[in-house]
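Take them with the model open.

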Amino acid sequence: MTQNDFPILITGGAGYIGSVLVGQLLSNNYRVRVIDNLMHQQDSLKLFCDNENLEIVDGDIRNETLVKQALEGISAVVHLAAIVGDPACEKDRQLATAVNKEASQSLSTLAKEQKIKRFIFASTCSNYGKMETKDGYVDENSELKPVSHYARLKVDFEEFLFSQKSASFSPVILRFATAYGMSPRPRLDLTVNEFTAVLAVGEKLEIYGADFWRPYCHTQDIARVCQLMLEADESMVATQAFNVGDTSENFQKKTLIELILKELPEAADKVLFVAKDEDPRDYRVNFDKIQKTLGYSKTKTISNGICEYIEAIKSGAITDIHAQQYRN
Ligand SMILES: NC(=O)c1ccc[n+]([C@@H]2O[C@H](COP(=O)([O-])OP(=O)(O)OC[C@H]3O[C@@H](n4cnc5c(N)ncnc54)[C@H](O)[C@@H]3O)[C@@H](O)[C@H]2O)c1
């Protein structure tokens, strides 16, 4: 019997990142169980429905009975389910707390009770907040300074997980860069995807905080890191936090626009830079640790992600870029 005989539980497996991860694990012969309440009415797992290695539990991680059942016979958990993003968490702060903190604590406690050792949590580089110095980089040892309810809840759950460390429970925290790129559940409320889509359909695009830095990472590379973490030797990763991305993929918003306009030169007059520093998140992130520990390096760049969304719009795979299904 190999480890792959026992399923991996992916919470939020029907989401933007989750559905890419599910596809990748299935193609690598993993057995996968997903628990997801399909809150965006997404049919992102339809593609894999006939795969006998996939089980789908259509339900809410706040339902403890269901979570207990979902954890039965599982070898590891990748916890992605959440109310995702600052606006979504601000819109319903109570729901965000109930899912991102309380249900997450209950899930990890139940996993620990059931002796499921590896618990991988999707956290965020947003936890670093604003950088102190303009030309520095933050790394895993930098102070966390969340500036939103979303990031605060991620930091709270990180702290809870670290406090749960034991010989039989080894949580791993992954702080994802802002994702871009295609997925069975495309998201058009994320910087690269949104800017590309708006310009690809010929609409006007207002850019705030053009000089602000952020790190980015392709959905497929994020999924690869999750798999690497499932397979990594415990002594290398247990009870540690890792930034997920590549140091060369930190960009200012104005540079993203330059990259998009390379593919869509006809949209140059649609971009308007607005001098209003609205978004307090401004950070450049160092990703050396994941490279050194896991030998990870990126396989995709921002330009790949830009081309994927242009293609999806040109081919008609995405028609209405403002449809709610593409937003959180
Ligand atoms: N996308 C990014 O740029 C990014 C960056 C950093 C961290 N993350 C983290 O990665 C994870 C996945 O993000 P995503 O971009 O795929 O978002 P997403 O919204 O597409 O995925 C979240 C999934 O969780 C499910 N879900 C929400 N509440 C649930 C509940 N109560 N019970 C069961 N399922 C529930 C949703 O239906 C959805 O499928 C999240 O934890 C997010 O915070 C994402």
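Two strands pair if DSSP finds at least two bridges between them. The model is predicted.

Q: Which residue of strand 11 stands opposite Trp213?
A: Strand 9 and strand 11 (residues 250-252) pair over three bridges. Their sense is antiparallel. Opposite Trp213 stands Gln252.

Q: Which residue in strand 9 is the bridge partner of Ala179?
A: Strand 9 covers residues 213-218, and five of its six residues are buried. Strand 7 (residues 178-180) runs parallel to strand 9, joined by three bridges. The partner of Ala179 is Cys217.

Q: Which residues of strand 2 point the opposite way from Arg33 and Ile35?
A: In a regular strand, side chains alternate between the two faces of the sheet. Strand 2 spans residues 32-36, and five of its five residues are buried. Arg33 and Ile35 point one way. The other way point Val32, Val34 and Asp36.

Q: What is the handedness of the β-α-β crossover from strand 1 to strand 2?
A: Strand 1 (residues 8-11) and strand 2 run parallel, joined by four bridges. Within this pair, Ile8 has Val32 as its bridge partner. The chain passes from strand 1 through helix 1 (residues 18-27) to strand 2. This crossover is right-handed.

Q: Which residue in strand 3 stands opposite Val34?
A: Strand 2 is also joined to strand 3 (residues 54-58), by five bridges. These two strands run parallel. Val34 is buried. Opposite Val34 stands Ile56.

Note on methods:
Residues are numbered from 1 along each chain as its sequence is written. This is a predicted model: local features need pLDDT of at least 70, side-chain atom pairs count only at pLDDT 80 or more; totals for chains, interfaces and linings use all residues. A residue is buried if 20 or more other C-beta atoms lie within 10 Å of its own, exposed if 12 or fewer, and partly exposed in between; C-beta atoms are placed from the backbone. A crossover is right-handed if, with the strands pointing away from the viewer, the path from the first strand over the helix to the second runs clockwise.
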